[in-house]
Amino acid sequence: MDALILSNFSGNAGVQTVKPHYIAKGLKRIALSSTVKLLLVIAVGSIAWISWKPNLYEQYKIDNSSVIAQLGKSNAEFKTAAEYLDNGDYYEARQILSKHYLKDLGNVNLAKQYAIILIESNCFETSKQVLYPVFDSGNTSHKADAAYLLGLTFLKEGRHSVSQHWLSKVSSSSIYYHQAKDLISKLDGIKAG
């Protein structure tokens, strides 16, 4: 069966016939081209959205400005560490705090500040070694802070169920309690989705 295509509307002159399979091939090519373009647009859009959307760790991490402020109130070396941290130089800030932490393992506030910098610089095992003793200390406030930081450590590692375990240990008296509960529910949503 042939299809008619009229190229000239005056009479029968100029009537051409085209095989239907040529038309079908052309339509498939156009449809395939449009589908491929649509899929490419969706893929590029998804990648752009994922890279734009902050991850859970970035949403719930402890802001560096609080650590910078605390360090800035101390001795000259801690002020230098605060400057490094403010400039995003985690390595240098970590070196200074490491030296002081190793001299004073019982300084819980220093341990928490050091752990925050360790988590930011992806030193997960070291941050855990610093935080476990803080969690085991008798002080409820420090214990809650350590639980939250351990939850963040495991979150950043991508170990969501272990992160939830630690976040569930954050007491209701902690300043991080609501953040921990919110983060737990979001992690539940990731498991369900």
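Analyst: Let's start with helix 7 and helix 8, which pack at an angle of about 160° with their axes 9 Å apart. Axes here are lines fitted to C-alpha atoms, for helices over the stretch in contact, and angles run from 0 to 180 degrees between N-to-C directions. The two helices are therefore roughly antiparallel to each other, given that angles under 35 degrees count as roughly parallel, over 145 as roughly antiparallel, 65 to 115 as roughly perpendicular and the rest as oblique. Helix 7 passes helix 8 in a left-handed crossing, meaning that the near helix is turned anticlockwise from the far one by less than a right angle (clockwise would be right-handed). On the helix 7 side, the residues making the contact include Phe124, Leu131, Tyr132 and Phe135, while helix 8 brings, among others, His142, Ala146, Leu150 and Phe154. Contact means heavy atoms within 4.5 Å.

A word on the ground rules. This is a predicted model, so local features need pLDDT of at least 70 and side-chain atom pairs count only at pLDDT 80 or more, while totals for chains, interfaces and linings use all residues. Residues are numbered from 1 along each chain as its sequence is written, and side-chain values use heavy atoms, with hydrogens and water left out.

For the overall layout, the chain has 10 helices and 2 strands, and from the N terminus on the elements run β-β-α-α-α-α-α-α-α-α-α-α. Helices (H or I, at least four residues) and strands (E, at least two) are DSSP runs, numbered from the N terminus. Of the 193 residues, 34% count as buried. Buried is under 20% relative accessible area, exposed is over 50%, and partly exposed is in between (1.4 Å probe, protein chains only).

Now to helix 6, which covers residues 108–120. It has 13 residues and reaches 18 Å from its first C-alpha to its last, close to the 18 Å expected at 1.5 Å a residue; the expected span is 1.5 Å times one less than the number of residues. What stands out is how covered it is: 12 of its 13 residues are buried.

The axes of helix 3 and helix 6 come within 10 Å and cross at roughly 140°. That makes helix 3 oblique to helix 6, and this crossing is left-handed. Asn64, Val67, Gln70 and Leu71 in helix 3 meet Gln113, Ile116 and Glu120 in helix 6. As a reminder, an α-helix has 3.6 residues a turn, so residues three or four places apart point the same way.

The ends of helix 6 deserve a look too. At its start, a side-chain oxygen of Asn107 reaches to within 3.3 Å of the backbone nitrogen of Asn109. At the other end sits Glu120, which counts as buried at 11% relative accessibility. Its side chain makes a polar contact with the side chain of Tyr90 (3.2 Å). A polar contact is a pair of N or O atoms within 3.5 Å; within protein, one must be able to donate a hydrogen and the other to accept it, and residues adjacent in sequence count only if both atoms are side-chain atoms. Leaving out residues up to four places away in sequence, Glu120 touches Tyr57, Lys61, Asn64, Tyr90 and Lys156.

Asn122 is partly exposed, with a relative accessible area of 45%.

Back in helix 8, check out Asp145, which counts as buried at 12% relative accessibility. Not counting residues up to four places away in sequence, Asp145 touches Lys112, Ser174 and Tyr176.
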